[in-house]
Amino acid sequence: MKYLRLGYMMNGSLPSVTAADIRRLTHVNLAFGLIRNGVLDLGMLTNLPLTEAFREWNPEVKLVLSVGGWGAGGFSEMARTDRGRRDFAASCLAAVENYRLDGIDIDWEYPCSSAAGIASDPGDRENFSLLLQCLREALGRERILSVAVGADESCVRDTQMDTVAQIVDYVQLMTYDMLCPGLAGHHAALGPSRGDTSRRNTRAVVELYRNAGVPREKLVVGAAFYGRHFQVEGQKNNGLLQPAGPGLPGPAYGEITRDYLRGNGFQSLWDPEAEAAWLWNGSTFVSYESPEAIRRKCEFVKEKGLKGIMYWEHGHDPGRELLDVIHRNLP
């Protein structure tokens, strides 16, 4: 079986992409297109023409345009009417044809929720499915249609995942930013830490979506090429599952290898139950995915017969250490 190895690449990362990078990937998600006045806007992707070289380096790589992302609005309003959905789908098809892309990835974060500061509506649950069906009709079966979804029970409750799974080619699980409120912990763990009953881990999320009707062969798990840091109260358990402030984004993996793993008072620790790494200096807890943690996620994909692994974000791993782990362990 050939597994999917997918990298999200933001506009600013595209100039640094090499032929070696593209040859180690099967799919690239170009992030992000946005919704303006109900249709697709590519204004953020000023480096999109650089992707022409990607096909020369690897003719088999699939280039997919991701639309949305955290804080990207317009979905709920656009998807409320048949006309809105069809106009948006037509604009996506035009972009795919103009830039010779292989499909569309929808990152609506999240239907029925305004947590990201965007509009939402109870009807988003059904309209999400209708939007995807409209995109499928516009793109055809020969092009890729995928979704990125949250690692939370509310994301299953607020979507019709059994219906979605029949429409899309695969479902990307954002198995990162899985935080326990008020506690320092792993944000992208494979399993639960001892004493953690939150079910905020990759194994639990895969089962959540399988039970919601997504076949295992359509599930793609997510890897984080960045960390989350917490300020912890007290010294117990090297900060793990201790009261803490919010888990703020950062540092990127490249910063971790440069600034944290070479001293500066931090020690690197391993949680055998969660199969996850963290850094600790007595007051700051940094959750991150080490090469060993990524390797174990790859083994989990093979063990469970899943479709593959994706990561956010390409520019966070300038030495390509984590990308190389994925390439070597998912043939």
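This is a predicted model: local features need pLDDT of at least 70, side-chain atom pairs count only at pLDDT 80 or more; totals for chains, interfaces and linings use all residues.
Residues are numbered from 1 along each chain as its sequence is written, and side-chain values use heavy atoms, leaving out hydrogens and water. Local features need pLDDT of at least 70 and side-chain atom pairs count only at pLDDT 80 or more, while totals for chains, interfaces and linings use all residues.

Q: How many of the ten residues of strand 2 are buried?
A: Strands are DSSP runs of E with at least two residues, and helices are runs of H or I with at least four, numbered from the N terminus. Buried means under 20% relative accessible area, exposed over 50%, partly exposed in between (1.4 Å probe, protein chains only). Strand 2 covers residues 27–36 and is mostly covered, with a buried count of nine.

Q: Which residue of strand 4 is the bridge partner of Ala31?
A: Two strands pair if DSSP finds at least two bridges between them. Strand 2 and strand 4 (residues 62–68) run parallel, joined by six bridges. In that pairing, Ala31 has as its partner Ser66.

Q: In which sense, parallel or antiparallel, do strand 2 and strand 3 run?
A: Strand 3 spans residues 39–41, and three bridges join it to strand 2. Leu34 is partnered there with Asp41. The hairpin has two residues between the strands, and Asn37 takes a positive phi near 55 degrees. The sense is antiparallel.

Q: Why are the buried residues of helix 9 on the same side?
A: Helix 9 (residues 253–260) has Tyr253, Gly254 and Ile256 as its buried residues. The arc uses directions from the helix axis to the C-beta atoms. They share a side because they cover an arc of only 165 degrees.
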